[in-house]
Each structure stands twice: as structure tokens, then as C-alpha cells.
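Thanks, everyone, for making the time this morning. I would like to walk you through one model, so please have a look at it before I go on.

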Amino acid sequence: MPEIPEMETYKDYLQLSVLGKKIVGTEIVRERSTNVPPDEFVRWVQDTSIEQVLRCGKYLILSLSSGKALCAHMMLDGRIYYEVAGEPVELPGSSHIQLRFEDDSILHFCDLRLGYLKLLDPSQVQAIKDGLGPDPLDSGFSFTAFLKILSAKRGMIKPLLMDQKNISGIGNAYSNEILFAAGILPERKVPTLTDGEKERLYSVIPDLLRQAIEKGGYIEEPFAFWDNLSGGMIPYFKVYDRSGQPCLQCGDTIRQKIVGGRNAYYCLTCQH
Ligand SMILES: [Zn+2]
């Protein structure tokens, strides 16, 4: 599931390619990928411009000049692709919703089976924001705020990092990488973390996410024909999806088990 680095990469690319552009056509191939009937979608989206593109946790918010907003969530396998007129097209999956612009370029929202592109009022967008914990890349994510999130928690650290109500935007891949970088096992109970471990964890979260943004995240499918950055983070993963392979730090075998319902990857020598 795309997390902060992947959604941040999409945000940057959308700002580059469609910000300020007028939507002149829409096509909804899969009606269940949005929340309103096609005629209502067209009424509020067609002939409006994209005025702002924001990321909130794992959501992308495209504000429209009609006063409404399009809210995209990719869930497990949703992808976004930007087709430029006259250039080769390599769709990353089935195109479920399309927005066409004045210059004949098309924004494809692909494989929105669990994911979606919803048409929302500003109050509904605000309700989404209100339900999210702090974004680890925002200035509001202070060490004090982090300690407050950890306080009174009794459970395991990995599910805590992935709970969007605690911290927004971290999912399975980066929670594994963050815990490896901090030297903490995914099953560790929060009350057993030492002060030093909490400090280390706090500092590696934004560092690792920023590194992943710089590398282009882990989505392999390009955003457009000119995109040669996406997926650049994959070779830098130290534990995620590396079960059975040697630890790059110590040579021990990377292990895998279910923690909090999701796959945890870890090194028993480097993490405690
Ligand atoms: Zn190791």
C-alpha cells in the first residue's frame, strides 16, 4: 500500500503535470470506485480546474474550482498514471476513472478496487484530516508529541506506528524499515522501550521517509512516460520483503512473521 513517500511522489508529479489545468472530460469506467453517481461526478468535476494538490497521510486531495475536492486513496494496489498526448502509454493497470485536460492529456486512476476517488465537500475533507494523527514530516511532529502518542499505550510498537489515528502516513513497508533502523523488534511492547530507543525511533521516522521520497518511493510502475524516479527506493530496503535473505548489516537471516495482522520483517541480531 502506498505510504507517505509514494503519495508524496504522486503529489509532486500531480503539481507538476495537472495543477491549474482545466478538466474538460471525465470517464468513470468503474462506478464503485467513487462515491457519487456519474452525472453528479461530471457536474462538479467537468469544466473545473485543479487549484491545489495536497497530501494528508495516505490521502491525496485535489481541490477544484467548483468548491468540491477529489480525494484519492490507493489502498493496496491503486495507481495513478498521467498520459501525455502523442507519447507512449504504459498503464499500470485497468483505468477505472479518467480526467481529461484541455491539452488532451489524461489522468488515469487505475485499479481502484479497494481504493477510490471520492467527490467531497470541504467539510468532509476536514473530517478526514481531523481523524488523522500528526504527519511525521510536519513541524507539529515534535519529540514531545511523539512521547504523548506512546504514553498510555500497552500494545506492540509496529501496529502503533501503522495506526493512522496515532501517526498518519506510515504503513507496512516503512514501519518495518523504521524499526530496523531504530534497532527495535516489531513485537516490542511500548512500555518496555527505553528513553534512548524512543529518541532513536523518533529521529529515524522522518529521516527514513525523507530518504524514501528522495529515491522515489517503492511503486515500480512509472507515473508517466518521463518518470524514471518511481520505485527507486526498492534497492534500499533493508528488511521489507527480504525474508530469508542475509541482513545487509550483520549477515544473519531476515525473518518474517505476522505481527498485528501484517507481515513483519526483522533481524534478530540487529533488533532487540
Ligand atoms: Zn542484522
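The site of the zinc ion in this predicted model is tetrahedral, with angles of 99 to 115 degrees among its 4 donor atoms. For comparison, the ideal angle for four tetrahedral donors is 109.5 degrees. The protein donors are the SG atoms of C247, C250, C267 and C270, which lie 2.2 to 2.4 Å from the zinc ion, and in sequence these donor residues follow the spacing C-x2-C-x16-C-x2-C. Taking C250 and C267 as a pair, they link distant parts of the chain, 17 residues apart, with C250 in the loop between α7 (195-215) and β9 (255-259) and C267 in the segment after β10 (262-266). Is each of these two buried or exposed? C250 counts as partly exposed because its relative accessibility is 36%, whereas C267, at 0%, counts as buried.

Let me turn now to the sheet. Four strands form an open, antiparallel sheet in the order β2-β3-β4-β8, in which β2 (50-56) and β8 (116-120) are the edge strands, each pairing on one side only. From one strand to the next, the twist averages 20 degrees. Within this sheet, β3 (residues 59-64) and β4 (residues 69-73) pair over 5 bridges, and Y59 stands opposite H73 in β4.

Two helices lie across these strands: α1 (residues 4-17) lies across β2, β3 and β4 and runs at about 170 degrees to β2, while α2 (residues 38-45) lies across β3, β4 and β8, at about 65 degrees to β8.

Methods. Residues are numbered from 1 along each chain as its sequence is written. This is a predicted model: local features need pLDDT of at least 70, side-chain atom pairs count only at pLDDT 80 or more; totals for chains, interfaces and linings use all residues. Side-chain values use heavy atoms; hydrogens and water are left out. Donors are N, O and S atoms within 2.8 Å of the metal (3.2 Å for Na, K and Ca); water is not among the atoms, so sites may look incomplete. Four donors count as tetrahedral if all angles lie between 85 and 135 degrees; four count as square planar and six as octahedral if opposite donors are over 155 degrees apart and all others between 65 and 115; anything else is irregular. Buried means under 20% relative accessible area, exposed over 50%, partly exposed in between (1.4 Å probe, protein chains only). Two strands pair if DSSP finds at least two bridges between them. Axes are lines fitted to C-alpha atoms, for helices over the stretch in contact, and angles run from 0 to 180 degrees between N-to-C directions. Contact means heavy atoms within 4.5 Å.
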